Amino acid sequence: MLNKSGAGESTSKGGWSVRSLLLVSVAAVLAVAVGLPAAGGPATSAPQAGGTLIIGRGVDSVTLSPYASASPDAEVISHVAETLYQLTPEGRIEPLLAERLPQMSPDGRSMTIRLRRGIRFHDGTPFDAAAVKWNFDFILNPENRAPFRAILLGEVTGVDVVDAYTVRLNLRRPFVPLLAHLTHDFLAIHSPTAVQRAGGMRPPTGEPYGRQPVGTGPFRFREWVRGDRIVLERNPDYWGPRKPLLDQVVFRAIPDDGARVLALEGGQIHVAVRVPPRETTRLALNRALRIDRTSSVRTIYIAFNNQKPPFTDARVRQAFNYAVNKRAIVQTVLGGAARVSDAPISPGIVGYAPIQPGGWPYDVDRAKRLLAEAGHGGGLNVTLLHPTGRYVQDAAVAAAVQAQLRAAGINARLQTMEWAAYLSFTNQPVDRTPVEMFMLGWGTVTGDADYGLFSLFHSSQWAPAGFNRFFYRNPQVDQLLEEARAITDPARRAATYKQAMELIWRDAPWLFLHSESQVTGLRREVQGLVVHPTERVLAHTAWLAR
Amino acid sequence: MWRYVLKRVLLALPVLLGVSVVVFVAIRLIPGDPAQIMAGQAATEEVVRQIRQSLGLDQPLPVQYLYFLRNVVRGDLGRSLFNGAPVVEELGQRFPRTVRLALASIVVASLIGVPAGILAATRHLSWLDTLVMLVALVGVSMPVFWLGLNLILVFSVRLQWVPAFGYETWRHLLLPSVTLGAASAAIVARMTRSSMLEVLGQDYIRTARAKGLAERVVVNRHALRNALIPVVTVLGLQLGTLLSGAVLTETVFAWPGIGRLLVDAVLARDYPIIQGATLLIAATFVALNLAVDLLYGLLDPRIRYE
């Protein structure tokens with residue numbers, strides 16, 4: 001019987017006071033809640049068909065035609081239009097629309113590709129050699145001004161139809177990276193009939209076809225409301241062995257990082273890309289969610305103007321590398337969602353090898369000694385240029401670098417500008433540019449070292465003609481990179497790249513920082529989704545558990 | 001009155017022309033090359049040059065401007081440099097969404113602000129008055145971003161009452177319009193209060209009270225109508241600001257309106273979109289100002305336009 005005078009003071013028949021009853025029941029509930037296996041949907045049950053997967057990303061696509069130039073475009077294109085070959089997340093190249101790996105001629109100047117048979121585009125027209133040739137001809141035609149023609153197909157002179165299901169690519173000179181380039185979504189095969197029916201593809205944006213692509217992929221294009229969403233629907237006639245399971249895939253643009261995370265928590269989207277590192281601790285406690293961390297092929301670095309003092313002296317460049325504690329930056333600023341660079345390119349890329357395992361050592365004393373040797377014992381004043389909001393925590397990383405450099409007697413003044421201006425500012429020719437040090441990133445999206453090394457470190461690529469915006473020149477490196485383009489034996493090719501990278505590392509044209517990790521938030525019911533190192537979220541084999 | 005309207009419309013033309021010149025020149029003077037941005041980091045100089053040429057950006061400025069003007073007169077605002085879509089189409093899609101949001105926000109602002117202001121004025125110097133003014137101060141000082149995200153957190157994530165983003169149904173309108181309306185409500189409340197106070201101090205109010213009328217009648221029938229005149233002006237100006245697109249709210253709620261369009265266009269140096277959008281916003285402002293002035297005339301019989 002409970003006494004009215006207050007809880008805890010009275011006892012009922014069994015000797016339990018109200019207060020202790022309460023405590024026990026709360027404890028019991030907690031025990032059950034904590035003891036429950038990690039809830040969050042069914043464990044690995046069988047894949048189920050149906051449902052609409054909603055992916056939240058920060059930007060909308062620009063065009064879904066071969067005029068695309070960024071990963072948000074590639075991401076959507078890859079669901080609708082397929083390439084001849086595909087790059088697996090582990091970095092292997094496998095045939096997709098091709099039947100098998102290509103055959104190279106002995107002189108390395110022609111590549112013969114056999115295509116799969118019995119495939120149709122979404123509009124019913126057949127996929128065959130003529131369609132492939134049409135696509136390549138379009139891109140190769142300089143009048144069409146396809147933005148990636150020179151970089152991806154620069155060595156290709158033309159494409160021939162050998163028979164209904166065989167094409168041959170003719171090359172100016174042997175170019176081994178070509179196979180990797182064929183995995184690039186900007187070289188996906190679109191239906192020529194659909195392009196013509198839509199009214200063609202006009203430079204520089206691929207309008208009007210670019211708004212409604214037609215390919216052979218597991219999903220068909222359904223709708224695009226600009227700035228808001230792209231809707232794809234399942235292709236029931238997909239040729240591949242792994243049929244698409246989802247009814248629909250929707251890509252929604254939610255520009256604000258915080259709002260995107262909230263939308264994920266509220267269940268309005270199933271996938272949120274680019275979750276800010278600071279949110280991951282909180283989200284990890286949410287049982288309805290899962291955090292996926294996948295490496296990215298994007299390397300972040302701070303480049304020196306190698307032709308401008310004090311950075312003309314290798315000792316100074318090396319000193320800067322010794323002075324910065326990259327591990328600390330990755331741990332604190334990036335919440336562990338990055339990998340300290342141990343080579344000029346990221347792992348997972350063909351030709352990658354760790355050049356200095358663990359990354360450039362952190363040694364402030366050595367940095368000071370090197371600076372003194374180079375005649376800057378009394379300190380150094382430099383300007384560090386960085387973007388804001390372009391790469392994960394870019395401004396914070398720059399501030400951390402500045403703080404660390406101070407310990408070595410280097411006074412770095414930070415300067416930032418908005419991305420568009422930044423691109424122009426850092427692209428000035430060597431005799432005009434005022435830039436001393438600047439932060440940039442480079443994603444080797446072909447999965448092949450040539451794209452990440454030749455484009456950046458070859459002396460023919462000095463800005464503004466190419467992307468060597470830090471004016472690095474080493475004739476030995478040039479030669480090695482040129483040679484590697486023609487070596488067919490993978491082991492020898494890898495060894496050549498290793499040699500080149502060792503030279504580059506020692507020359508230290510950059511302050512080597514880290515490769516980004518992609519932090520993606522998913523609701524637990526999402527299964528089979530692939531976060532690809534080339535910064536694409538792929539739903540080809542995804543399904544929603546119920 | 002129609003002569004007045006005509007005069008105002010004619011005066012608007014040089015204003016719009018001036019706006020178009022200033023915007024045209026300004027965006028081309030700031031650093032940043034749309035051809036470079038479009039081509040992306042990996043493109044060669046050759047590609048960038050080709051893009052620039054195909055967009056007509058290599059022509060001298062006055063030539064570019066004349067082309068632009070000629071097209072505007074024909075109703076063609078050009079095509080987006082970035083995705084090739086016709087500017088008129090993009091604006092036509094985005095602007096109505098911003099209008100919906102702006103109108104909803106003004107309704108929220110009025111529904112909260114006007115009664116709050118009246119309450120404060122009629123209970124002048126009481127604790128209620130102070131409270132209303134304090135809340136108004138908070139409302140105006142609160143960052144829109146912070147308020148928006150917190151509303152999403154509470155009403156969308158925790159309570160699951162409304163969606164967090166999107167714009168399709170009336171439910172999607174609730175949180176963004178409250179977020180935007182909050183700051184406006186604060187301004188409206190203060191304006192209503194001070195205007196009411198001024199009117200309540202007038203002689204004719206004293207007469208009405210002396211006649212023995214109930215306070216409610218005095219306030220509602222005699223004071224309110226006159227007090228609302230400056231409030232209407234404020235509401236009109238607030239609407240103008242909201243129509244130029246509340247970028248922060250549109251970003252937080254992923255509301256694809258004209259504010260975000262304009263900011264994204266500036267960041268991408270998408271000249272035709274920037275020009276078209278600012279022209280549209282300027283024209284809206286002009287029209288809105290005219291409407292407010294005419295409304296003023298309707299409300300206050302002493303004002304007549306010649």
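Two strands pair if DSSP finds at least two bridges between them. Helices (H or I, at least four residues) and strands (E, at least two) are themselves DSSP runs, numbered from the N terminus. Everything below comes from a predicted model, where local features need pLDDT of at least 70, side-chain atom pairs count only at pLDDT 80 or more, and totals for chains, interfaces and linings use all residues. Residues are numbered from 1 along each chain as its sequence is written, while chains are lettered from A and ligands numbered from 1 in the order in which they are written.

**View 1. Strands E16 and E17 of chain A run parallel.** Eight bridges join E16 (residues 380-387) to E17 (residues 410-417). Look for His386(A): its bridge partner in E17(A) is Thr416(A).

**View 2. Ile302(A) sits in the largest nonpolar core.** A nonpolar core is a set of buried Ala, Val, Leu, Ile, Met, Phe, Trp, Tyr and Cys residues joined through C-beta atoms within 7 Å. Buried is for 20 or more other C-beta atoms within 10 Å of a residue's own, with C-beta atoms placed from the backbone. This core has 230 residues, and those with the most contacts inside it are Ala259(A) and Ile302(A). Its largest share, 14 residues, comes from helix H8 (residues 170-200) of chain B. Among the residues that Ile302(A) touches are Leu384(A), Val401(A) and Trp510(A); touching, or contact, takes C-beta atoms, placed from the backbone, within 7 Å.

**View 3. Chain B meets chain A.** Here 41 residues of chain B are in contact with 39 residues of chain A. Helices H3 (45-54) and H7 (144-158) are among those of chain B that each supply at least two residues of this side.

View 4. You'll find Pro310(A) in the loop between strand E14 (289-304) and helix H9 (314-323) of chain A.

**View 5. Ala508(A) has a positive phi without being a glycine.** Its phi is near 50°. Ala508(A) lies in the loop between helix H16 (490-507) and strand E19 (510-523) of chain A. Is Ala508(A) buried or exposed? Ala508(A) is buried, with 22 other C-beta atoms within 10 Å.

Methods. Two residues are in contact if their C-beta atoms, placed from the backbone, lie within 7 Å. A residue is buried if 20 or more other C-beta atoms lie within 10 Å of its own, exposed if 12 or fewer, and partly exposed in between; C-beta atoms are placed from the backbone. Lists of a residue's contacts leave out its neighbours within four places in sequence.
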